Amino acid sequence: MPTDAVARVSTLSWLFLQVAGVGPNFGNAAFFLRNDPSNLVAIERFHSEAQRHLSVLEQRLSETEWLNGESYSIADIAIFDWSRGSDNHGIDIAEFPTFAVWRARVGDREAVKRALVRDYVIPSLNLRTIGLGERFPRIPTEEPEAENRRVSVARITPLVGELRD
């Protein structure tokens, strides 16, 4: 957390957006898409709210590299984690190109890669390319090339049972 008052307040503001907006709306969008696809009212509500939040993030990230305006922070970490499952939320991340670039930048951080592999016991070959990487892989190949991997998980549900204490 930044010690500078302005950066600290900005970080908390973006973190609150995740806690009160991004997380609940992305989560509900995914829930209704998967578990009650006939509930079109709920799907439309949460999907449109998720897209609205992404529009806010798209605007912010067009102005600055990191959400708090100064450096990588807990706000980036919190929002990044929810953004990894955008396909489960029914959102086409290509509609938010600046956000997609930011998401790839966060996902390219070595600590982020290590944390996902460690915390979720994800075999490295189960990591898949996300964001702009699918369209513009670093190494053009259909094979699971390490340089093309980012930090989204193809299927996490079967892996959750493999977690260690």
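## Close-up views of a predicted model

Arg 52 and Glu 49 stand three residues apart in helix α2 (residues 40–63), which means that about one helical turn separates them. The model shown in these views is predicted.

**View 1. A salt bridge joins Arg 52 and Glu 49.** The closest N and O atoms of this pair are 2.8 Å apart. Glu 49 counts as buried because its relative accessibility is 18%, under the 20% limit for that class. Arg 52 is partly exposed, at 43% relative accessibility. In general, an α-helix has 3.6 residues a turn, so residues three or four places apart point the same way.

**View 2. Arg 60 and Glu 63 form a salt bridge through their side chains.** The N to O distance is 3.8 Å, which is within the 4 Å cut-off for a salt bridge. Both residues belong to helix α2, where they are three residues apart and separated by about one helical turn. Glu 63 counts as exposed, with a relative accessibility of 53%.

**View 3. The side chains of Glu 65 and Arg 105 meet in a salt bridge.** Here the distance from N to O is 3.6 Å. Glu 65 lies in the loop between α2 and α3, and Arg 105 lies in helix α4 (residues 97–107), so this pair ties together parts that are 40 residues apart in sequence. Glu 65 is partly exposed at 44% relative accessibility. Arg 105 is also partly exposed, and its relative accessible area is 26%. A search of the whole structure finds three salt bridges.

**View 4. Asp 4 caps the N-terminal end of helix α1.** A side-chain oxygen of Asp 4 lies 3.3 Å from the backbone nitrogen of Val 6. Helix α1 covers residues 5–35, a run of 31 residues.

**View 5. Helix α1 has a kink centred on Gln 18.** The kink is about 40°. At 1.5 Å a residue, helix α1 should span 45 Å.

**View 6. Met 1, Ile 74 and Ile 77 form a nonpolar patch on the surface.** Together these residues have about 270 Å² of accessible area. Ile 74 is located in helix α3 (residues 74–83). With a relative accessible area of 38%, Ile 74 is partly exposed.

Technical notes. Residues are numbered from 1 along each chain as its sequence is written. This is a predicted model: local features need pLDDT of at least 70, side-chain atom pairs count only at pLDDT 80 or more; totals for chains, interfaces and linings use all residues. Side-chain values use heavy atoms; hydrogens and water are left out. Patches are made of residues with over 30% relative accessible area and no salt bridge: like charges are joined within 9 Å, nonpolar side chains (Val, Leu, Ile, Met, Phe, Trp, Tyr) within 5 Å. Accessible areas come from the Shrake-Rupley method with a 1.4 Å probe; for residues, only the protein chains shown count as cover. Helices (H or I, at least four residues) and strands (E, at least two) are DSSP runs, numbered from the N terminus. Buried means under 20% relative accessible area, exposed over 50%, partly exposed in between (1.4 Å probe, protein chains only). The expected span of a helix is 1.5 Å times one less than its number of residues. The bend at a residue is the angle between axes fitted to the seven residues ending there and the seven starting there. A polar contact is a pair of N or O atoms within 3.5 Å; within protein, one must be able to donate a hydrogen and the other to accept it, and residues adjacent in sequence count only if both atoms are side-chain atoms.
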